[in-house]
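The sequence and structure come first.

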Amino acid sequence: MKYNVRGENIEVTPAIREYVEKKIAKLERYFTEAPDANVNVNLKFNQDKTSKVEVTILLPQLVLRAEETNVDMYAAIDLITDKLERQIRKHKTKVNRKFREKGEFPITFATTESPELHDVDEDELELVRTKRFDLKPMDSEEAILQMNMLGHSFYVFTNSDTNRTNVVYKRKDGRYGLIEAH
């Protein structure tokens, strides 16, 4: 794995870099071979004396992402590693089954006898509702208004400028984001 560790309002010391790499490298045990992955780690020290850690692991056909805020930077790194581990466990059976059906194996997870790896609830990812609707052409501002009127956290629409499917969503910070399909 290739690591890109950067800090905002904090110097990334060799000790912090080594700790991050050591913790995230433990995730390699879930794969049959060391994945060719880019690991982006953003360490941020906030004005309220908390530390925020964001990790994005770009694997072939899969993106793992987690963020954690804690007063202790090392504790945040530990917690984020746990979150990423849970994501891998959750995706392990689903991803392998999906690609086994297609006959492709871009990511091969290691098989272990550890019981905690088999605790994924099969119903957890069950599709329980399907909606179909026409995508009305509009701009992103109108889509945000529609989303807010419906009380949703996201809204799918056809962008009237590009004629492509876009999604607006409400971010955790209360502002809005736009996802554009290419």
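How many bridges join strand 3 to strand 4? Nine bridges join strand 3 (residues 51–59) to strand 4, and the two run antiparallel.

## Basis

This is a predicted model, in which local features need pLDDT of at least 70 and side-chain atom pairs count only at pLDDT 80 or more, while totals for chains, interfaces and linings use all residues. Residues are numbered from 1 along each chain as its sequence is written, and side-chain values use heavy atoms, without hydrogens and water.

Strands are DSSP runs of E with at least two residues, numbered from the N terminus; two strands pair if DSSP finds at least two bridges between them. Lysine 52 is opposite threonine 69 of strand 4.

Side chains alternate along strand 4 (residues 62–70). Leu62, Leu64, Ala66, Glu68 and Asn70 point to one face and are buried (under 20% relative accessible area, 1.4 Å probe, protein chains only).

## Cavity

A cavity is a set of points on a 1 Å grid over the protein atoms alone where a 1.4 Å probe fits but cannot get out. The structure holds one cavity of 30 Å³ or more, and the largest cavity has a volume of about 40 Å³, taken as the space filled by probe spheres set on the points.

Its lining residues (an atom within 4 Å of a point) are Met1, Ile24, Leu27, Phe31, Ile57, Leu59, Leu64 and Ile88.

## Threonine 158

Threonine 158 lies in strand 6 (residues 154–159). Threonine 158 counts as buried because its relative accessibility is 11%.

Technical notes: Buried < 20%, exposed > 50% of the residue type's maximum accessible area, 1.4 Å probe, protein only. Helix = DSSP H or I, 4+ residues; strand = E, 2+ residues; numbered from the N terminus. 1 Å grid on protein atoms, 1.4 Å probe; cavity = no way out; pocket = protein on both sides within 12 Å on 5 of 7 lines; lining within 4 Å.
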